[in-house]
Amino acid sequence: MYAVVGCTDCEHLWILQDPRAAETATCPRCGRTHRTKKLRRFVEDENREAARQGRAALLAKRGGNSEAFAETAHVAEMEREIGERGGTVDDTEYLEGSGLDADEVAAAGERAERGTSAGSAGSRIDVVREALRERDAPTADDVASYAEERGVPAEKAREILTKLSRRGEVTESGGAYRLL
């Protein structure tokens, strides 16, 4: 048994296999855990393909595309056609179809990787990590002042330091921090 269910938080629709057997289900988009008994079942079917088709119809209706959906092939048939045509759209085709110059986008990406784009100081977490590498046994205040010099608010730097510590990427001993 398959059921198309929806998240009450983010309104994402997904297919749940055997909804009567599972006590909870987690939304793949937002991660919220739901009790399966309380989830609204928009479509139920023994066949997975029928459930997929039902979900596709619901998404088309939500987007105001019911008429276009009615004129298209079954979801499985569309996947087969896409496979025959060589798969998905590549990055260049997508960017140029969106009106962007693919070469310019690639050049901007390379500049960002090198850290040479205008005003680039790296992400906040990178600045905190850099402070931990640059300073000898830095305290939270040392990290905060280092980050503040590079445009990261001191309080945010402390929050990031705490998160890194919780994740096990940083250790603290006697008030001094170091990267692991």
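The structure is a predicted model, in which local features need pLDDT of at least 70 and side-chain atom pairs count only at pLDDT 80 or more, while totals for chains, interfaces and linings use all residues. Residues are numbered from 1 along each chain as its sequence is written, and side-chain values use heavy atoms, with hydrogens and water left out.

The average pLDDT (the predictor's confidence in each residue, from 0 to 100) is 84 for the chain, and 89% of the residues score at least 70. Over residues 116-121 pLDDT stays under 50. Where pLDDT is low, the predicted coordinates should not be read in detail.

The whole structure holds 12 salt bridges, each a side-chain nitrogen of Lys or Arg within 4 Å of a carboxyl oxygen of Asp or Glu. One of them joins arginine 20 and glutamate 44, with the closest N and O atoms 3.6 Å apart. Arginine 20 lies in the loop between strand 2 (13-17) and strand 3 (24-26), and glutamate 44 in strand 5 (residues 41-45), so the pair, 24 residues apart, links distant parts of the chain.

Methods:
Contact = heavy atoms within 4.5 Å. Helix = DSSP H or I, 4+ residues; strand = E, 2+ residues; numbered from the N terminus.
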